Amino acid sequence: RPGSPWLRLWPFLRPLRPALAWLLLLDLLHRAILSLFPFLLGRAVDAAAAPGSSPEPPGRPASLLAAAFVAWALVRFSAALQTERVGQRLVLELRGRLFDHLLALPPAGGRDRKEGDLAARLLADTSGVCEAAPSVLSGALDLLLAAALLASAWRIDGRLCALALLARLPA
């Protein structure tokens with residue numbers, strides 16, 4: 001079928017929906033942990049700057065920051081592992097369907113098309129998935145995170161948020 005590699009690959013991605021949903025959840029969790037770092041770092045710096053002024057134990061902000069870092073590292077590792085698994089399953093599925101398709105072709109069918117055309121098409125589709133999937137998912141999550149941050153900034157102080165947004169407009 002003519003068209004973009006995504007349209008041709010969509011039927012192969014459908015069985016991987018649970019794995020892709022898990023990958024999306026891991027990425028959201030990663031971004032949530034990352035958004036906690038400035039808050040935790042600020043608490044740790046405040047506790048170190050004025051040791052007796054905070055009602056919490058002295059080492060608690062630093063230990064929370066260390067725990068967040070460990071959680072972030074574990075989530076990133078799990079996401080990398082899940083990405084590898086999904087990619088390998090997709091490539092295995094593509095290869096299996098390609099082999100089944102080649103077995104279904106009549107022996108004389110190889111004269112009409114070059115074998116390299118089929119291999120080039122498979123390589124282009126696989127490369128398209130490998131290149132596009134992370135950027136599409138990451139772009140969508142970046143947009144959601146930016147919207148959430150903008151909404152929270154607006155809730156804190158709408159006038160200051162509007163002023164900051166106006167300052168960022170190109171001249």
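Mentor: Let us begin with a term: contact means heavy atoms within 4.5 Å. This is a predicted model, in which local features need pLDDT of at least 70 and side-chain atom pairs count only at pLDDT 80 or more, while totals for chains, interfaces and linings use all residues. Residues are numbered from 1 along each chain as its sequence is written, and side-chain values use heavy atoms, with hydrogens and water left out.

Trainee: Which residues does Phe-37 touch, not counting residues up to four places away in sequence?

Mentor: Phe-37 touches Leu-65, Ala-68, Phe-69 and Trp-72. Across the protein, 77% of the contacts with a separation of 6 or more are between residues 24 or more positions apart.

Trainee: How many helices and strands are there in the protein?

Mentor: Helices (H or I, at least four residues) and strands (E, at least two) are DSSP runs, numbered from the N terminus. The protein has five helices and zero strands.

Trainee: Which residues make up the largest nonpolar core?

Mentor: In soluble globular proteins, nonpolar side chains tend to be buried together. A nonpolar core is a set of buried Ala, Val, Leu, Ile, Met, Phe, Trp, Tyr and Cys residues joined through side-chain atoms within 4.5 Å. Buried means under 20% relative accessible area, exposed over 50%, and partly exposed in between (1.4 Å probe, protein chains only). Here the largest such core has eight residues: Leu-23, Leu-26, Ile-33, Phe-37, Leu-40, Ala-68, Val-75 and Ala-79. Helices α2 (17-49) and α3 (60-104) each supply at least two of its residues, and α2 gives the largest share, five residues. A second, separate core has seven residues, including Phe-12, Ala-19, Val-86 and Leu-90.

Trainee: Why does His-30 count as buried?

Mentor: His-30 counts as buried because its relative accessibility is 9%. This residue lies in helix α2 and, leaving aside neighbours within four places in sequence, is in contact with Trp-72, Val-75 and Arg-76. Of the 171 residues of the protein, 20% count as buried.

Trainee: At what angle do α2 and α3 pack?

Mentor: Axes are lines fitted to C-alpha atoms, for helices over the stretch in contact, and angles run from 0 to 180 degrees between N-to-C directions. The angle between α2 and α3 is about 160 degrees, and their axes are 8 Å apart. Angles under 35 degrees count as roughly parallel, over 145 as roughly antiparallel, 65 to 115 as roughly perpendicular and the rest as oblique. The two helices α2 and α3 are therefore roughly antiparallel.
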